[in-house]
Amino acid sequence: MPTSTSQPPLAPKSRSNPIRLIAIVLLACIVLLGLVVLITWLILKPKRLVYTIEDGSIQNFNLTNDHLSSDFDFVLRAYNPNKRVSIYYDSIQATVNYNDQTLAFSGVDPFYQHHRNVTRFDVKFTAHSTALPSSVSNDLQLEKRSGKIQFDVWLKARIRFKVGAWKSRHRTLRVSCAPVLGFSRPQNLKRTYCYAEI
């Protein structure tokens, strides 16, 4: 009797998996974006922004019953050392503090800073009978008797970078300075370098 051998079924032709294709395309896009960012960084070679307090004064200082009234005036210097990067300062909030206690708030008008540019701006604060903890008030009074007081000036800004026609999304810039103010005007303040982070 003739014997019949059954042939194994042919395997269906493999079809391209759309999920796998999408994953490959996404991975390629991520790698390409990373290369673009790396090349841009190597071309621009961004440098750290430099901030200093150039001058400062304290006037009408009155500390009574743990309440402070005073006027503070600071001149800040912002230096952008980058060759191709300009900066939009869209909003700037500022506080003057002592021993982590906020004494007064202020703000700075928005401005645009070109590359390789130095911009100076005033930050004025007024404390109106600001209530202080007794320990902070006592320390402040003791430092005043010595003739000098160290304050903390903090800035928080929303900034954007500009390179040619390209503009970045908003970034948050934080600047902290610790100037020492004296009550004798001729030796009021030495240049104070600040710490900045983005």
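**Salt bridges in a predicted model**

Visitor: Which residue meets aspartate 73 in a salt bridge?

Guide: The model is predicted. In general, side chains of opposite charge can pair when their charged atoms come close. Here the N to O distance is 2.9 Å, and the cut-off for a salt bridge is 4 Å. The partner of aspartate 73 is lysine 124.

Visitor: Is aspartate 73 buried, partly exposed or exposed?

Guide: Buried means under 20% relative accessible area, and exposed means over 50%. Aspartate 73 has 24%, so this residue counts as partly exposed.

Visitor: Which strands hold arginine 160 and aspartate 90?

Guide: The side chains of arginine 160 and aspartate 90 meet in a salt bridge, with N to O at 2.7 Å. The two residues are 70 residues apart, in distant parts of the chain. Arginine 160 is in strand E8 and aspartate 90 is in strand E3.

Visitor: Where is arginine 191, which forms a salt bridge with glutamate 54?

Guide: The closest N and O atoms of arginine 191 and glutamate 54 are 2.8 Å apart. Glutamate 54 is in strand E1 (residues 50-64), 137 residues from arginine 191. Arginine 191 itself is in the loop between strand E11 (180-182) and strand E12 (192-193).

Visitor: How many salt bridges does a search of the whole structure find?

Guide: Among them are the pair of arginine 191 with glutamate 54 and the pair of arginine 160 with aspartate 90. The search of the whole structure finds 3.

Note on methods
Residues are numbered from 1 along each chain as its sequence is written. This is a predicted model: local features need pLDDT of at least 70, side-chain atom pairs count only at pLDDT 80 or more; totals for chains, interfaces and linings use all residues. Side-chain values use heavy atoms; hydrogens and water are left out. Helices (H or I, at least four residues) and strands (E, at least two) are DSSP runs, numbered from the N terminus. Buried means under 20% relative accessible area, exposed over 50%, partly exposed in between (1.4 Å probe, protein chains only).
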